[in-house]
Amino acid sequence: DLPCELHSWRQMADYSPEMKQFACLLHLYHIKAYDYLRKIIPLPHPYSLTKQAAAGFSNDIFHRLQETVERGDQAYRYCAVLVQDMSLQKQQEWDPQTKQLTGFVDLGAGILDADEAPLASEAIILMAVGISSPWTAPLGYFFVNSTSGPFLAQLLRQAINKLNNIGIMVLAVTSGASACGAETARALGIRIDPKRIQCTFQHPPGSAHSIVYFFDVCHALQLIRNALQCFQKVECLGDTMWWQHVVELAALREQRVLEPCSPESGRAGSKGTYYLKVNLATLLFSEGVAEALEHLQKLGLASFQNCSGTVKFVRLMSSLCDVFCSRGPYGKEAFVAGNYTKISNLFKEAKSFFVNLTDSMGRYIIKSKRKLGFLSFLLNAESLKWFYCNYMCPEGIPSHHLHTDAFSLEPLEQFLRALQQACGSSGSPTCTVFRAAYNKLLASCSLTPGSPHCSGNASSWDRSLSQRRDLTLGSIRAQYHPAPGRILAPQCPYNAGLLLPSSALSNALTDLSLYRQSVTCTAGWVAEQLALELQCEACLAALFEADESKLRCRSVLYIKKLGGVSLPSTSVHHITSILEQVLNQYSKVGDANKNTKLWYLSVEQKVFQELLGKSPLFPTLTNHVFEGELSINNHYTILVKELTWCYFNIRTNPAQHLKWKYPCGRQRLKRLKGKHLF
């Protein structure tokens, strides 16, 4: 299909579709072969090829970015480029609009019109992220049937070229910590040898402009978790880290603890009963786990003796995460003048630790098959130091405020989660479904910082809930001790029938003290249900009434119980009390309307109004609010909405959700003191 005459290749404007496709594909798959062939055939310059062919890139996004830069907005002058893949369902489909078969490999130059055209199995997505301001811009996608490091490296170079052409300078690139990511880094010129780390590459090749390379921190943590689980025991300079300590912590069941009551309670000499409970939402590599291990060791539990080496390792990893994820003592501005020396010393300590880390046989882990996670942290440390020294210390720097969130894949993975939701299924989408969902998101995409699908003001460490699921104590417990069916305490006050549908007669015959206790226990049961799903340590701790005087961290909780159910916190009890009031007000609605989405949203809106303590907001927009999903999804609103949903289902369908029989008679209940209970 390609002409053999040399004069047919002189002007790209005269190229046939097949000729353009050949030039684009050859340039993407093998840049050296393209350069060699240019000596024989007058193929277009790579700059012209990138500018005109725009293989797989969104011209609209680049046009909007160019307009923003031309207006003089300095926040858009510097960015990082992220790359990630998404699996696709290999399926051939007929598109009635274009009257063509779809589902094949497509790099933006068109589908190969031949029987040999392979079906696409992956989509590669590129995104630009602001470094001094949290804006994001999806640059484009490519349908492929396999990925390789050189191919991804060429895609990245094309994206950098296009951004440079519109006045945006790329300072960093981030990929996943995987075999393909490591191959991509090597193809760009990155060296990951611990003795000679090369953290930058030149673009264009041979120029003076250097770009730093990062591996995603969460991906690296998952690899380190897998390595520790594989080796079970690792040693470094006399310290031993045992994986079993973490397993025992995650598997620790609730334990009853008796504490002498304080003299202020008026019951000197008596004992108060608490239950020690591990917060399963605690991240594995966090200060909370280190403090929990130390606390349990002080309590004298045999499983946690000699855990000082484990505590040291977890604490080191937690400090590294504080720097790379902009959390903990460093906050949003880790690299300020006062912190650089401290962080530099931390990186030196981590390098010494990782290089000398050995398994039980004395073999260095940094040379084993489980080395990539540790090498990723070493590379990221060098990249972050190089970035600070070259772009933040000298005059003319892009910004004194460095957002390390820009060096993670979380902004892109947040976009992919929205894309998966727009696809309408949890499995891998087809090419047709992916393209439709992508175009839908692109049409509503805003380049303004903090807009939907942008990183906003929240830390990526707080937003990446689904990705962190296998980095929590809960995931370890589920792996070693699968949760059995929930056994509910027989003395729970639900049996009194309070959760039956409300009626004036039933409310009149109900003992008020029993009613209040039942609401309290129902709130506790709801809190326990949410605790099984929440992935935020602080949010999970906020569900229960706990004694924080014993341990300030939230990884180990001392909670009270009533009738075998954990007592909820004051806030949870307050929300469920308001929910009960609102449900009683709506009890006159017919049963046929109670399970509709409109009725549930009405209840949810009423709850928020009661919590605000003010009259209804925007009364003329009530019906309009229900036309779309709420866009405010911070942790506060998520907790309130989840509590509302769970309590709503239990309260309206008790027999269905609790699988309970309601026996006759009244259970004897102990009255527990607490201002929020009665």
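**Exercise 1. The handedness of a helix crossing**

Determine whether the crossing of α5 and α6 is left-handed or right-handed, and state what orientation the two helices have to each other.

Solution. The crossing of α5 and α6 is right-handed; a crossing is called right-handed if the near helix is turned clockwise from the far one by less than a right angle, and left-handed if anticlockwise. The structure is a predicted model, in which local features need pLDDT of at least 70 and side-chain atom pairs count only at pLDDT 80 or more, while totals for chains, interfaces and linings use all residues. Residues are numbered from 1 along each chain as its sequence is written, and side-chain values use heavy atoms, with hydrogens and water left out.

Next, take the geometry: helix α5 covers residues 149–165 and helix α6 residues 179–188, and they pack at an angle of about 60° with their axes 7 Å apart. Helices (H or I, at least four residues) and strands (E, at least two) are DSSP runs numbered from the N terminus, and the axes are lines fitted to C-alpha atoms, for helices over the stretch in contact, with angles from 0 to 180 degrees between N-to-C directions. The two helices are therefore oblique to each other, given that angles under 35 degrees count as roughly parallel, over 145 as roughly antiparallel, 65 to 115 as roughly perpendicular and the rest as oblique.

Finally, list the residues that meet, where contact means heavy atoms within 4.5 Å: α5 brings Gly 149, Pro 150, Leu 152, Ala 153, Leu 156 and Arg 157, and α6 brings Cys 180, Glu 183, Thr 184, Ala 187 and Leu 188. By class, this contact of α5 with α6 has seven nonpolar, two polar and two charged residues, where Ala, Val, Leu, Ile, Met, Phe, Trp, Tyr, Cys and Pro count as nonpolar, Asp, Glu, Lys and Arg as charged, and the others, Gly among them, as polar.

**Exercise 2. Aromatic pairs**

Work out how many aromatic pairs the structure holds, and which parts the pair of Tyr 141 and Phe 434 ties together.

Solution. The structure holds 18 aromatic pairs; rings of Phe, Tyr and Trp (its six-membered ring) pair if their centres lie within 6.5 Å, and planes under 30 degrees apart count as stacked, over 60 as edge-to-face and the rest as tilted. One of them joins Phe 57 and Phe 62, whose ring centres are 5.8 Å apart and whose planes stand at 85°, so this pair is edge-to-face. Phe 57 and Phe 62 are both buried, a word that here means under 20% relative accessible area, with exposed over 50% and partly exposed in between (1.4 Å probe, protein chains only).

The rings of Tyr 141 and Phe 434 have centres 5.3 Å apart and planes at 70°, so they too form an edge-to-face pair. Because Tyr 141 lies in strand β5 (residues 136–144) and Phe 434 in helix α14 (residues 431–443), the pair ties together parts that are 293 residues apart in sequence.

**Exercise 3. Backbone details in loops**

Find which residues a cis peptide bond joins, and decide whether Leu 237 is buried or exposed.

Solution. Most residues other than glycine have a negative phi, and most peptide bonds are trans. A cis peptide bond joins His 203 and Pro 204, with omega about -5°, and Pro 204 lies in the loop between β9 (200–202) and β10 (210–215).

Leu 237, in the loop between β11 (233–236) and β12 (239–242), has a positive phi near 50°, and its relative accessibility of 67% makes it count as exposed. Asn 306, in the loop between α9 (287–298) and α10 (308–324), has a positive phi near 60° and is exposed, with a relative accessible area of 65%.
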